[in-house]
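Reader: I am new to this structure and would like to understand the words used for it. Could you take me through them with care?

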Amino acid sequence: MSKLRILYAATEINPFLQTTRVAEFLRRLPQGMQEMGMEIRIFVPRFGIINERKNRLHEVVRLSGINIAVGEDEKPLIIKVASIPNAKLQVYFIDNEDYFHRKSVLRDKNDQFHADNDERAIFFCKGVLETVKKLGWSPDIVHCNDWMTGLMPLYLKTTYKKDPIFKDAKSIFTVYNNEFDHKFDGNLIEKAKMLDIDDSMLAALQSADFQGFIKIGMEYADSVVRSDEDFSDNLNALFSEFATRRNIGQVADDENLLNSYYTLYNELAN
């Protein structure tokens, strides 16, 4: 089988940050795939509670400096990188002073959901794809993990479809049980827009909530995987609704995990 190039995008990864199971999954799977001969790139947000000195993050000047549009605003993108101890893996961190310097992840010290988490998600998705373009590295598979990456499969099918870097890329969207109740203010659809995207393609975001991001990821990804966790009735209903239109896989987090994903990646890429 060919040596596939796998791009991982997620909200967190051990040992830099762990608030949910996503962090452990992202620590285990990319290393396993690398050991099976695949080429790996990993991207996560540089949330402010990640200690840069302790984790030896440093800025990659040649990749920084792009402006990313979020609605009518443009925000400068800063790229930092660090190595995972005891593994031959680098992690790229998407950073911006307005979005990621506060000393928290998705909630403030009073447990209030940050009102701009939607903008942070949009900035992250666009920032990852723009950075990969600048790297000149063409992924075969873009594996998107958790709600914050939900827009990436749409962007790959529209704005970036004709780009030589992404023209052959297939996307996977894995859904985790990280549901929140918050509804975003402002015009989320306008903020999320890019070239070659009209309002109808973003219709799933009209709910301006967790389910909106999940729906859009499920709608545009080439493959959808649900983690082996317990989900709410609302999300189970969503899985059932989408299952009538497409296959939704589930990969058990057991000793067969790596082989299951190895097979999935190769089936998608070929």
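**Terms and values**

Author: Pro15 is found in the loop between strand 1 (5–9) and helix 1 (21–35), where helices (H or I, at least four residues) and strands (E, at least two) are DSSP runs numbered from the N terminus. The model is a predicted one, in which local features need pLDDT of at least 70 and side-chain atom pairs count only at pLDDT 80 or more, while totals for chains, interfaces and linings use all residues. Residues are numbered from 1 along each chain as its sequence is written, and side-chain values use heavy atoms, with hydrogens and water left out.

Reader: What kind of peptide bond joins Asn14 and Pro15?

Author: The bond that joins Asn14 and Pro15 is a cis peptide bond, with omega at about 5°. Most peptide bonds are trans, and most residues other than glycine have a negative phi.

Reader: Why does Arg56 count as exposed, and why does Asp95 count as buried?

Author: Buried means under 20% relative accessible area, exposed over 50%, and partly exposed in between, with a 1.4 Å probe and protein chains only. Arg56 has 69% relative accessibility and therefore counts as exposed, while Asp95, at 0%, counts as buried.

Reader: What makes polar contacts with the side chain of Asp95?

Author: Asp95, which lies in strand 7 (residues 90–95), makes a side-chain polar contact with the side chain of Arg46 at 3.3 Å and another with the side chain of Lys80 at 2.7 Å. A polar contact is a pair of N or O atoms within 3.5 Å; within protein, one must be able to donate a hydrogen and the other to accept it, and residues adjacent in sequence count only if both atoms are side-chain atoms.

Reader: How many residues of helix 7 are buried, and what makes it "mostly covered"?

Author: Helix 7 (residues 210–220) is called mostly covered, with 9 of its 11 residues buried, among them Phe210, Gly212 and Met218.

Reader: Which residues make the contact between helix 1 and helix 9?

Author: Helix 1 and helix 9 (residues 257–269) pack at an angle of about 65°, with their axes 10 Å apart; axes are lines fitted to C-alpha atoms, for helices over the stretch in contact, and angles run from 0 to 180 degrees between N-to-C directions. The contact (heavy atoms within 4.5 Å) is made by Phe25, Arg28, Leu29, Gly32 and Met33 of helix 1 and by Leu257, Leu258, Tyr261, Tyr262 and Tyr265 of helix 9.
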